Amino acid sequence: MIAMWADVKGLMLEPRDALEAILARRALAFSAILGVAGYYARTLLIGEILFAPLGGTAAYLAGNCLIALGWMALVVSIVYTSARLTGHHSGRWRELFALWGYTQVPFTVLTVLAGSAILLIPVEWRRELDIGWIALGVGVTFLLSLWGLFLKLEAIRVWSGRAGWFRLVVVALALSGV
């Protein structure tokens with residue numbers, strides 16, 4: 001767990017070096033944990049539809065972890081396939097998977113911040129929010145989304161060993177609609 005925190009801290013300070021260190025380790029467990037945490041909230045509706053009728057809340061929550069992991073594997077497969085189609089496929093799928101979970105850190109932070117705001121801010125205050133608080137929320141969301149996109153670009157660059165327009169093309173192909 002300490003190693004994962006050190007990696008997350010490195011992603012904030014020096015993302016390229018942190019991603020290169022993660023790639024050198026090729027450890028999938030931490031990446032899978034972070035990937036599931038990042039995609040969990042986005043796959044809740046699918047998990048509810050599939051697993052709620054089967055076993056109630058426990059099956060729904062556990063099943064959604066599997067769906068989030070599958071979603072991450074699907075996104076990695078799309079990026080990998082896009083790289084193969086553009087002729088730049090020096091890395092392996094497993095290596096990209098080891099990096100991709102760490103690109104979900106900004107969205108996990110955003111989910112925690114949004115959930116905390118919903119749970120901790122009283123309803124009366126939410127009704128009386130002025131434009132300053134809304135602008136703050138939009139700004140934080142924008143900055144975290146920008147950081148997430150930057151991490152994805154850096155992960156593809158570290159994985160493929162290439163720089164330039166290639167990574168933008170791969171990201172555009174892979175992340176359109178995802």
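Biologist: How many helices and strands does the protein chain have?

Modeller: The chain has 9 helices and 0 strands. Read from the N terminus on, the elements go α-α-α-α-α-α-α-α-α. Keep in mind that this is a predicted model.

Biologist: What share of the 178 residues is buried?

Modeller: Buried residues come to 37% of the 178 in the chain.

Biologist: And how much of the contacts comes from residues 24 or more positions apart?

Modeller: Taking contacts with a separation of 6 or more, 74% of them are between residues 24 or more positions apart.

Biologist: Let's pick a helix. How many residues of α5 are buried?

Modeller: In α5, 6 of the 8 residues are buried, so the rest of the structure largely encloses this helix. The buried ones are E95, L96, F97, A98, L99 and W100.

Biologist: What about W93, buried or partly exposed?

Modeller: W93 is partly exposed, at a relative accessible area of 31%. F97, on the other hand, is buried at 7%.

Biologist: Tell me about A98. Which residues does A98 touch?

Modeller: Leaving out residues up to four places away in sequence, A98 touches I22, R26, A27, L28 and S31. A98 sits in helix α5 and is buried, with a relative accessible area of 0%.

Biologist: How far apart are A98 and L19?

Modeller: In sequence they are 79 residues apart, and in space A98 and L19 are 9.4 Å apart, C-alpha to C-alpha. Both turn up where α2 meets α5: L19, I22 and L23 from α2 contact E95, A98 and L99 from α5.

Biologist: What kinds of residues are in that contact of α2 with α5?

Modeller: It divides into 5 nonpolar, no polar and 1 charged.

Biologist: At what angle do α2 and α5 pack?

Modeller: Helix α2, residues 15–25, packs with α5 at about 135°, and the axes are 9 Å apart. The two helices are therefore oblique to each other, and their crossing is right-handed.

Biologist: How does α5 pack with α8?

Modeller: Those two pack at an angle of about 150°, with axes 10 Å apart. Angles over 145 degrees count as roughly antiparallel, so that is what α5 is to α8. The crossing of α5 and α8 is right-handed.

Biologist: Who makes the contact between α5 and α8?

Modeller: On the α5 side, E95, L96, L99 and W100; on the α8 side, K152, A155, I156, V158 and W159. By class, that contact holds 7 nonpolar, no polar and 2 charged residues.

Biologist: Switching to rings now. How many aromatic pairs are there in the whole structure?

Modeller: A search of the whole structure turns up 2 aromatic pairs. One joins Y80 and W159: the ring centres are 5.9 Å apart and the planes are at 55°, so this pair is tilted.

Biologist: Where in the chain do Y80 and W159 lie?

Modeller: Y80 is in helix α4 and W159 in helix α8, residues 131–160, so the pair links distant parts of the chain, 79 residues apart. Y80 and W159 are both buried.

Biologist: And W93 with F97, why does that pair count as stacked?

Modeller: Their ring centres are 5.2 Å apart and the planes are at 20°, so the pair is stacked; planes under 30 degrees apart get that name. W93 and F97 both lie in α5, residues 93–100, 4 residues apart, which is about one turn of the helix.

Biologist: Back to α4. How do the axes of α3 and α4 cross?

Modeller: Helix α3 (residues 29–40) and helix α4 (residues 44–85) have axes that come within 8 Å and cross at roughly 120°. They are therefore oblique to each other, in a right-handed crossing.

Biologist: Which residues make the contact there?

Modeller: From α3, S31, A32, G35, V36, Y39 and Y40; from α4 there's a list including L44, L61, N64, C65 and W71. The residues of this contact divide into 12 nonpolar, 3 polar and no charged.

Notes:
Residues are numbered from 1 along each chain as its sequence is written. This is a predicted model: local features need pLDDT of at least 70, side-chain atom pairs count only at pLDDT 80 or more; totals for chains, interfaces and linings use all residues. Side-chain values use heavy atoms; hydrogens and water are left out. Axes are lines fitted to C-alpha atoms, for helices over the stretch in contact, and angles run from 0 to 180 degrees between N-to-C directions. Angles under 35 degrees count as roughly parallel, over 145 as roughly antiparallel, 65 to 115 as roughly perpendicular and the rest as oblique. A crossing is left-handed if the near helix is turned anticlockwise from the far one by less than a right angle, and right-handed if clockwise. Contact means heavy atoms within 4.5 Å. Ala, Val, Leu, Ile, Met, Phe, Trp, Tyr, Cys and Pro count as nonpolar, Asp, Glu, Lys and Arg as charged, and the others, Gly among them, as polar. Rings of Phe, Tyr and Trp (its six-membered ring) pair if their centres lie within 6.5 Å; planes under 30 degrees apart count as stacked, over 60 as edge-to-face and the rest as tilted. Buried means under 20% relative accessible area, exposed over 50%, partly exposed in between (1.4 Å probe, protein chains only).
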